[in-house]
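Please keep the sequence and the structure in view while reading.

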Amino acid sequence: MNYAVIDRGDDLSKSLAEKFHKLAGERGFTRNDESPEIVISIGGDGTLLLAFHKYVDQITNVAFVGIHTGHLGFYADWKADELEDLVAMMAEETPRIVRYPLAEIEVETPSETRHYLSLNEFTLKGVDGTLVAQININDEMFEMFRGDGIVISTPSGSTAYNKSLGGAIVHPSIESLQIAEIASINNRVYRTLGSSVLLPQHHHCDIISKKEQRLQLAIDHISIMSSDIRSIRCSVSSRKVSFARYRPFPFWNRVREAFLGYDVR
C-alpha cells in the first residue's frame, strides 16, 4: 500500500505522524508522497482540507483517512490513542470507500476561466464594501443580492460555515449544493429570498458581478483577491472525494458527536 501523511504541525500531530510511519513500515506499507493510494490526515478538519487540496489533481485515485488531535474532527474517524488499531486494520482489512460530492467553481474574467474544486464551501465577499451581484439559477435571474457575501456549500460542508448562517445540514448522499446569504440587505432595489436554497446535482447557479468591485474568493481555506471577475458558476462536480472507512461511523453520528456532544461509540 502506498500512503502519505499530512499533519497539522503541532507537537502531538508530528509525533503521531512519526509513529504512524514506524508502524506502517513494520507492516510493509510504502511511503509515497507523490502518488499515494491512502492519505492520512493528522490534526483537525483544517488539516484534512490541506490534504485534499494538496492531492486534488489526483482526487479520483486517492482515499483519505482522518485522525483528529483536537476538539472537533468532523472528517476524522480515529482518535489519537487509536493509531495502532488503525494501522492494524489498514494491514488486515479492506476498507469501505465512501464518496462525497464536491463543488465545482468556474471563475470567469476578461482574460481567462479558472476552475476549482471545493470540499467544504466556496465563499464570495466584497473587500471594500458590500457585495453586489445578480444570482442566476439555471441561466435565469433568481435574485439581486447586496450584502456581506454568499456561501456555496457541499453536503459535507453544510455543517461548517453554512450551518452558522442558518443553513440546513444535508446528508452527503444527496448530491447537491446549498446557497446561503451573509447579511443580505433588502429594499426596493435589492430583494433576496432570505433563506438558504438547495440545488440538485443537475442544476447550477451563476453569481454575476454588477459593479466594479474587489472581491475575496475563498475555496475552503484558500483565499484569493480579484478585481476583474465577471461571473462565477457553481455546480456539483462530476468528481468526488473518497474516504476509506475501516469501521462504521455514520454521518448522523458525526453530527451528533460534533454538535450535541454525545459519544456513544
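The second largest cavity has a volume of about 30 Å³. The model is predicted: local features need pLDDT of at least 70, side-chain atom pairs count only at pLDDT 80 or more, and totals for chains, interfaces and linings use all residues. Residues are numbered from 1 along each chain as its sequence is written, and side-chain values use heavy atoms, with hydrogens and water left out.

**Cavities**

- The structure holds two cavities of 30 Å³ or more; a cavity is a set of points, on a 1 Å grid over the protein atoms alone, where a 1.4 Å probe fits but cannot get out, and lining residues have an atom within 4 Å of a point.
- A volume is the space filled by probe spheres set on the points, which are joined across faces, edges and corners.
- The second largest cavity is lined by S41, G43, G44, D45, L48, G66, I67, Y75 and A76.
- At least two residues of this lining come from each of β3 (38–43), α2 (45–54) and β4; helices (H or I, at least four residues) and strands (E, at least two) are DSSP runs, numbered from the N terminus.
- By class, this lining has four nonpolar, four polar and one charged residues; Ala, Val, Leu, Ile, Met, Phe, Trp, Tyr, Cys and Pro count as nonpolar, Asp, Glu, Lys and Arg as charged, and the others, Gly among them, as polar.
- The largest cavity holds about 50 Å³ of space, and its lining consists of I135, F142, E143, I179, E181, S195 and V197.

**Residue H68**

- H68 belongs to strand β4, which spans residues 63–68.
- H68 counts as buried because its relative accessibility is 15%; buried means under 20% relative accessible area, exposed over 50%, and partly exposed in between (1.4 Å probe, protein chains only).
- Apart from neighbours within four places in sequence, H68 is in contact with G43, G73, A76, W78, K79 and A80, where contact means heavy atoms within 4.5 Å.

**Helix α5**

- In helix α5 (residues 251–260), the buried residues are F251, R254, V255 and E257.
- These buried residues pack against β6 (96–108) and β16 (231–245).
- After α5 comes G261, which has a positive phi, near 80 degrees.

**Cysteines**

- The structure holds zero disulfides; a disulfide is a pair of cysteine sulfur atoms within 2.5 Å.
- The sulfur of C205 is too far for a bond, because the closest cysteine sulfur, in C234, is 4.3 Å away.
- C205 counts as buried at 1% relative accessibility, and C234 counts as buried at 0%.

Definitions and conventions:
On a 1 Å grid over the protein atoms alone, a cavity is a set of points where a 1.4 Å probe fits but cannot get out, and a pocket is an open set with protein on both sides within 12 Å along at least five of seven lines; lining residues have an atom within 4 Å of a point.
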